[in-house]
Amino acid sequence: MADPNYAAMSATRSRRVKTDKRDARTLAEACKLGAYRPAHRASDESRHQRAQLAVREALVRTRTRYMALVSARGRREGLRVADGGAEAFVARVAALALPGRLRAEVAPLLSLMLHLNAQIAFLDGVLGCLARQDAQVARLCTMPQVGPVTACAFASAVDDPTRFSGPHQVEAYLGLVPRERSRGEKQRKGPITKAGNERVRWLLVQVALSLLWGKNPQTAHLREWAERIAARRGKKTVPLQRRARAARRIPRRRPRGRKGQRSARPRGQHSRQRRGMKARHLVRLTRLHRPRYGAIFVRKESGAPCSVLPSKFPSR
């Protein structure tokens, strides 16, 4: 199986016509030139683990949405669900004095959450058995704050560690390296590439946050290492170039007057035309004051003031 994302396989940079015959000729030329790069095909066990993790993720996200909806309905009635684990959420809701109508509204969601908890617990048990049987997953579980779910996700994403020459290639494969658009002497680095498996990335982020927020003395050296990096490079991972670009996109505001109102600025004929106030609709009007929702003008012929709204203009 060939890697279609490898640009060196194709002789031309753009392929406007794609047929099976041309694809076969491209593969033959790539094999002849040595530009053929095979694509890795995950094993059956890894694909089975990914399927189980995907199903578990869907169940957890569904349970989270149900919990948020029930909590929002309770806050509408002035009731707050106590904090705690997701497994005991139904019991915490049942302990509240819910009105009859609200209890009838959230009853279907609570009954479904009981089945979701059972299925999620079953999948956790399956992953736990796999972690005890697989030597690679069991070795990953020995790391601090790493459980069977994270270990199985990482092992199934990497699949064959021998296909990587070092840990830096694994970082790039999972999309944990910064983007770079350097040219000449300028080195421009941005946020991470976010390539590869998204589930593994946010699981690793959860592990890192658990290490930073935890008080386990065995991980004190990891927290000190992270604090040194934060002191040297800042706690925010957004680069300065991105923040400067966002700041340049903010429109500049006009200076304000004494009472907090924006200072008046003369508007030309083109500005009046953009707002629909064309010159033929006005008979040599002079603007004196421009309030929030209209403009007050004085006719030079008669001297009587007239108010003109932006949506209504005097006709001929």
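**Notes on a predicted model**

Mentor: Asp160 is partly exposed, with a relative accessibility of 31%. Keep in mind that this is a predicted model.

Trainee: Where is Asp160 found?

Mentor: Asp160 sits in the loop between α6 (148-158) and α7 (167-173).

Trainee: And which side chain does the Asp160 side chain make a polar contact with?

Mentor: The side chain of Thr162, at 2.7 Å.

Trainee: What about Asp160 and Ser43, how far apart are their C-alpha atoms?

Mentor: They are separated by 8.8 Å, while along the chain Asp160 and Ser43 are 117 residues apart.

Trainee: Next, Asp159. Where is its place?

Mentor: Asp159 also belongs to the loop between α6 and α7.

Trainee: Is Asp159 buried or exposed?

Mentor: Asp159 counts as buried, because its relative accessibility is 16% and the cut-off for buried is under 20%.

Trainee: What is phi of Asp159 near?

Mentor: Phi of Asp159 is near 65°. That is a positive value, and the residue is not a glycine.

Trainee: Which side chain makes a polar contact with the side chain of Asp159?

Mentor: That of Ser46, with a distance of 2.6 Å.

Trainee: Is Ser46 buried or exposed?

Mentor: Ser46 is buried, at 6% relative accessibility.

Trainee: Changing topic. Where is Lys194?

Mentor: Lys194 lies in the loop between β2 and α8 (198-213).

Trainee: Buried or exposed, that Lys194?

Mentor: Lys194 counts as exposed, because its relative accessibility is 54% and exposed means over 50%.

Trainee: And what is phi of Lys194 near?

Mentor: Phi of Lys194 is near 60°. Here again the value is positive in a residue other than glycine, as with Asp159.

Trainee: Now the surface. Which residues gather in the patch of positive charge?

Mentor: Arg181, Arg183, Lys186 and Arg188 make up that patch on the surface.

Trainee: Take Arg188. Where is its place?

Mentor: Arg188 is in the loop between β1 (178-180) and β2 (189-192).

Trainee: What is the relative accessible area of Arg188?

Mentor: The figure for Arg188 is 48%, so Arg188 is partly exposed.

Methods:
Residues are numbered from 1 along each chain as its sequence is written. This is a predicted model: local features need pLDDT of at least 70, side-chain atom pairs count only at pLDDT 80 or more; totals for chains, interfaces and linings use all residues. Side-chain values use heavy atoms; hydrogens and water are left out. Patches are made of residues with over 30% relative accessible area and no salt bridge: like charges are joined within 9 Å, nonpolar side chains (Val, Leu, Ile, Met, Phe, Trp, Tyr) within 5 Å. Accessible areas come from the Shrake-Rupley method with a 1.4 Å probe; for residues, only the protein chains shown count as cover. A salt bridge is a side-chain nitrogen of Lys or Arg within 4 Å of a carboxyl oxygen of Asp or Glu. Lys and Arg count as positive and Asp and Glu as negative; His and the chain ends are not counted. The place of a charge is taken as NZ of Lys, CZ of Arg, CG of Asp or CD of Glu. Helices (H or I, at least four residues) and strands (E, at least two) are DSSP runs, numbered from the N terminus. Buried means under 20% relative accessible area, exposed over 50%, partly exposed in between (1.4 Å probe, protein chains only). A polar contact is a pair of N or O atoms within 3.5 Å; within protein, one must be able to donate a hydrogen and the other to accept it, and residues adjacent in sequence count only if both atoms are side-chain atoms.
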